[in-house]
Amino acid sequence: MNSTTKAAIGIIVVAVFAILTLHCGGIVTGSAQNIPTTGAAALQQSGYQNTTDTTNPGTEIGQTRTIKLSYDGSQYSPAEIRVKQGTKVRIEGDPTTLRGCMLVVNIGGYNISKAIRSGDNVIEFTAEKVGMFPINCNMGIGDGKLIVESS
Ligand SMILES: [Cu+2]
């Protein structure tokens, strides 16, 4: 490969990082692809801690848990949403921080992909599947987790 080709590749790499950074408002550090996604073993293995979402830990089957989801510039907030199996989950996305590519919120394993817009910002589902599920934008950024514990 000659020096012109190397220079061109270098420029492309820099441009891609710049676009990712501008687009999502943060540096790409995503590790979501490495999250174990199913079962109690996955939960234990991950050694997760719920440090940011302790608002309503006692929610029981059939009750609704409401979470306000925003983006702090590098990650979803709360970073972890933990509920018991059977909980009705209502995620209210914050359209003022979920912008650019971050406005599309995906919850892997639950087949959820929702564009958060003012007046149309609610994701609702029942947490039937136990495990840990990544919450990401379409570019795999956001590093959020949905943790569903067996009831
Ligand atoms: Cu993004």
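## A guided tour of the predicted model

Begin with the whole chain coloured by confidence: this is a predicted model, its mean pLDDT is 77, and 61% of its residues reach 70 or more. Select residues 26-52 next, where the pLDDT is below 50, although this stretch has 46 contacts in the model beyond near neighbours in sequence. Where pLDDT is low, the predicted coordinates should not be read in detail.

Now switch to a cartoon view and follow the chain from its start. The chain contains two helices and nine strands, and reading along the sequence gives the pattern α-α-β-β-β-β-β-β-β-β-β. Of its 151 residues, 23% count as buried, and among the contacts between residues at least 6 apart in sequence, 70% join residues that are at least 24 apart.

**The four-stranded sheet**

Select β1, β2, β4 and β7 together, and you have an open sheet of four strands in the order β2-β1-β4-β7, with mixed pairing. The strands at its edges are β2 (76-77) and β7 (122-126), each of which pairs on one side only. Strands of a sheet pair through backbone hydrogen bonds, either parallel or antiparallel. Here β1 and β4 run parallel and are joined by six bridges, while β4 and β7 run antiparallel and are joined by five.

On the β7 side, E92 stands opposite V122.

Stay with β4 and show its side chains. In a regular strand the side chains alternate between the two faces of the sheet. The covered face of β4 carries V89, I91 and G93, whereas K88, R90 and E92 belong to its uncovered face.

Move to G73, which lies in the loop between β1 and β2. Is G73 buried or exposed? G73 counts as exposed because it has 12 C-beta neighbours inside 10 Å. If you draw a distance from G73 to M102, which is 29 residues away along the chain, the C-alpha atoms are separated by 9.8 Å.

**The nonpolar core**

Next, display the largest nonpolar core, which has 21 residues, and look for V83, L98, V105, I135, L146, I147 and V148, the members that touch the most others. Which elements give two or more residues to this core? They are β1 (64-71), β3 (80-84), β4 (88-93), β5 (104-107), β8 (131-136) and β9 (144-149). In soluble globular proteins, nonpolar side chains tend to be buried together.

Centre the view on V148 and leave aside its neighbours within four places in sequence: V148 is then in contact with V83, Q85, A127, K129, V130 and G131. One of these partners, V83, is itself among the core members that touch the most others.

**A last stop in β9**

Finish at K145, which lies in strand β9. K145 is buried, because 24 other C-beta atoms lie within 10 Å and the cut-off for a buried residue is 20 or more. Draw one more distance, from K145 to E80: these residues are 65 apart in sequence, yet their C-alpha atoms are 4.8 Å apart in space.

Notes:
Residues numbered from 1 in each chain as written. Predicted model: local features only at pLDDT ≥ 70, side-chain atom pairs only at ≥ 80, totals over all residues. Core = buried A, V, L, I, M, F, W, Y, C linked by C-beta atoms within 7 Å. Contact = placed C-beta atoms within 7 Å. Pairing = 2+ DSSP bridges. pLDDT = per-residue confidence, 0-100.
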